[in-house]
Amino acid sequence: YEILIKVNNAPLDATLAASLPDRQKDLYSQFSPTGLADGEIRLSKAEQAAGPATFTADLSFKEGSLKSEQLPLPVTDIMASVVFTDDLVRVGNFCGLYGGSPVSLSGQIRPGRKDQPSTYNLSLTFENTPMNDDLFDLLPESAKKTVSEFRPQGEINLTANLNKSDANDRPDYRIVVVCLGNSVTLPQFSYPLKDITGTLTITPQAIEFHDVNAAPGDAVWITLNTSYVKLNGVVTLADNAFSGAVLNVNAGDIFFDRRLGAALPAGIRPFYDNLLPPSRFDLDFDELRISVADDGGKVYDMKGLLKLENCSMQVSGAKTELDAELNIDGLYRAGQGFENCRAALDGRRFGILGKSFTNVTADIDYDRDLHRWVSENLKADCYGGKLTGGLELKFGDYATLKQL
């Protein structure tokens, strides 16, 4: 036989659910749909064919809703075009509201057989969606943990490509988040950022940052309208855990803040704590590599430029002032300190005890054994003459100029 059934305003209810084949019925029960359906259903069975009849249902839905354990909030106001066959559900134009925000879906689902999970290939889009626990619950566990640590606020656009081609495989996904002027707090040292724009791409293997721009948040005491932070790069993941990163970090007109000081290595923190307002800095790290050591600690391989502006500090009880650029190349091991570090100093101005020096240059190396910074080739212009000598700094103990 071959039968054509025309459908008009058919309700999605328990009577319909009871009439479905087992595979379709399980999928139906997972999402508890409501609403009305229009379209056509074709039933057919060839002569002497074994097994049940085959069917194709080409339906349009309206006034619909979905809810399930995977959706903390129901999807409402659904309009959709869906084609059902014995072993496949093809979703065409699906749009609705999730928590008041527009959501759309397309792709296909193959309902699982017996105890096997369904397989799928879906594209899901959210627009102007608030970032909250309900949204985070939709993310894979590794992505959920990483994102929630930043305590994000505001609205985003989100596109998720979800794929599970085999019932025995792990789900694969690619989630693209477009920031719409959001705010976060960096977990390492509670530093707030606001007005965040840019794109994050999240996969099981990595989190990529594309042209992410931000400004210091309102909780930062001193800021300028020109203050900014920029981030590009990639964080790699292994078994849903951090395994490394290669980042490009830029910042401008950032004031030295106590929150930043809390994140610094213990050996540098005394120097940082001696800085006096309104000291500020620019940062241009073209290459910041973070890896995981055998003991599980993080290792930071840093190469970049640190520009100091109007920096004042106490050295041996005397106020010093410095405007300079430091070209940094170093390796730092978390919890242990610097393995090595060289900072090439190119200073426009250095002042101490009322004396002023210009065009200051020096190669400053970190002595790991003595925990001090040493230079043997300090040079500067001084009141029409030249100054040469050495520099030795040991924070927390003393900071002096030697061999001038």
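Buried means under 20% relative accessible area, exposed means over 50%, and partly exposed lies in between (1.4 Å probe, protein chains only). The model is predicted: local features need pLDDT of at least 70, side-chain atom pairs count only at pLDDT 80 or more, and totals for chains, interfaces and linings use all residues. Residues are numbered from 1 along each chain as its sequence is written, and side-chain values use heavy atoms, with hydrogens and water left out.

**Close-up 1. Arg 289 and Glu 287 form a salt bridge.** A salt bridge is a side-chain nitrogen of Lys or Arg within 4 Å of a carboxyl oxygen of Asp or Glu. Side chains of opposite charge can pair when their charged atoms come close. Here the N to O distance is 3.0 Å. Glu 287 is partly exposed, at 30% relative accessibility. Arg 289 is also partly exposed, at 39% relative accessible area. A search of the whole structure finds 18 salt bridges.

**Close-up 2. Asp 329 meets Lys 303 in a salt bridge.** The N to O distance is 3.9 Å. This pair links distant parts of the chain, 26 residues apart. Asp 329 sits in strand 16 (residues 318-333), and Lys 303 in strand 15 (residues 298-315). Strands (E, at least two residues) and helices (H or I, at least four) are DSSP runs, numbered from the N terminus. Asp 329 has a relative accessible area of 39%, so this residue counts as partly exposed. Lys 303 is partly exposed at 32%.

**Close-up 3. Asp 323 pairs with Arg 349.** The closest N and O atoms of this salt bridge are 3.1 Å apart. Asp 323 lies in strand 16 and Arg 349 in strand 17 (residues 337-352), so the bridge ties together parts that are 26 residues apart in sequence. Asp 323 is buried, with a relative accessible area of 9%. Arg 349, in contrast, is partly exposed at 27%.

**Close-up 4. Ser 101 is buried in the model.** Its relative accessible area is 5%. Ser 101 belongs to strand 6 (residues 101-110). Contact means heavy atoms within 4.5 Å. Leaving aside residues up to four places away in sequence, Ser 101 touches Gly 96, Glu 127, Asn 128, Thr 129 and Pro 130.
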